[in-house]
Amino acid sequence: MLRRIVMAVVLAGLLTAGTLSGARAQQPISAGPPAANPSGWTFNVAPYVWFATVDTSLSFNLPPALGGTVSADSSVGFGDLLSHLNFAAMVAADAQYDRFSVLSDFLYMNLGGTASQFRSINFFGRPSMPISKSVQTSVGQNLNATIWTLAGGYTVIQGDWGNFDVIAGVRYLRVIASIDYSLALTLTGPRGNSAAFGGIGSTSGRRDIWNGIGGFRGRVRIGDTGLFVPYYFDIGAGGSNLTWQIASGLGYHLSWADLSLTYRYLSFHQGSNSIVQNMSIRGPMIMANVTF
């Protein structure tokens with residue numbers, strides 16, 4: 001997996017470096033060239049609120065006596081997310097020196113009892129068996145997710161119009177999930193030991209995933225209005241078959257901060273044998289970037 005991460009970072013960095021680049025400030029949205037600092041260093045801290053929809057496709061291991069996995073899907077809109085949110089933290093930051101920068105983005109969310117639905121049960125050596133929604137009396141998912149991005153950047157092009165940076169780094173995903181269920185169904189396992197799945201129970205799983213990423217970020221100023229268009233894109237692989245992220249929107253420069261409203265999409269795609277088969281977070285985001 002380490003080899004895949006390194007290759008993804010190198011290839012993505014070479015591809016983006018061959019286009020253009022530049023950017024200044026937090027990940028995932030650039031804040032543009034900062035004011036001069038006597039030390040040469042500029043720091044940005046950007047808390048944000050993401051009005052997100054969270055979609056997951058997870059695969060949980062069955063008990064050893066059964067052997068196999070059970071798959072479940074969940075889609076939680078922002079309204080439902082708020083009612084099931086136990087805790088969340090979202091902040092981005094970066095440090096810049098001349099054309100070089102180091103950027104970081106941290107997201108943590110703890111959701112409890114969100115609506116979910118079993119998709120299928122997969123006994124080892126047997127065809128996948130769909131689980132009808134009609135027999136799923138109650139299925140609730142608990143999700144604890146941490147996403148951390150760390151990357152280095154280099155400003156390739158900048159001017160009065162804005163800037164464009166290339167970036168390369170890593171993204172970490174930790175998912176701890178469980179499902180509490182009540183099924184009007186009992187399926188006997190294939191091993192002849194009377195073990196069965198169904199009724200009332202729970203199942204859980206955990207996965208830590210590292211990916212190498214590369215991409216670009218920046219902003220385009222709209223004349224002397226104080227308005228600007230921020231943009232960000234990255235793509236990579238490693239522990240995931242593919243992870244990618246894109247964001248853009250509209251911002252306004254104030255004397256004390258840059259405020260922006262953007263739409264952000266972040267996605268992970270895993271193999272069918274992974275606990276996290278697919279995960280995406282998408283929706284509008286409000287960010288306040290403070291430079292010092």
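Visitor: Is Asp258 buried or exposed?
Guide: Asp258 is buried, as its relative accessible area is 8%; buried means under 20%, exposed over 50% and partly exposed in between, with a 1.4 Å probe and protein chains only.

Visitor: What kind of model is this?
Guide: A predicted one, where local features need pLDDT of at least 70, side-chain atom pairs count only at pLDDT 80 or more, and totals for chains, interfaces and linings use all residues. Residues are numbered from 1 along each chain as its sequence is written, and side-chain values use heavy atoms, leaving out hydrogens and water.

Visitor: OK, which residue forms a salt bridge with Asp258?
Guide: Arg219, with the closest N and O atoms 3.1 Å apart (a salt bridge puts a side-chain nitrogen of Lys or Arg within 4 Å of a carboxyl oxygen of Asp or Glu). The pair joins strand β13 (residues 258-269) to strand β10, 39 residues apart; strands are DSSP runs of E, at least two residues, numbered from the N terminus. Arg219 is buried too, at 4% relative accessibility.

Visitor: How many salt bridges does the count come to?
Guide: Eight. One of them pairs Arg217 with Asp94 at 3.2 Å, and both residues are buried.

Visitor: Which residues are linked in a network?
Guide: Arg174, Arg206 and Asp208, through salt bridges. Arg206 is partly exposed at 44%, and Asp208 is partly exposed at 31%.

Visitor: Switching topic: how many residues has the largest nonpolar core?
Guide: 43, with Trp50 and Phe118 among those with the most contacts inside it. Such a core is a set of buried Ala, Val, Leu, Ile, Met, Phe, Trp, Tyr and Cys residues joined through side-chain atoms within 4.5 Å.

Definitions and conventions: Helices (H or I, at least four residues) and strands (E, at least two) are DSSP runs, numbered from the N terminus.
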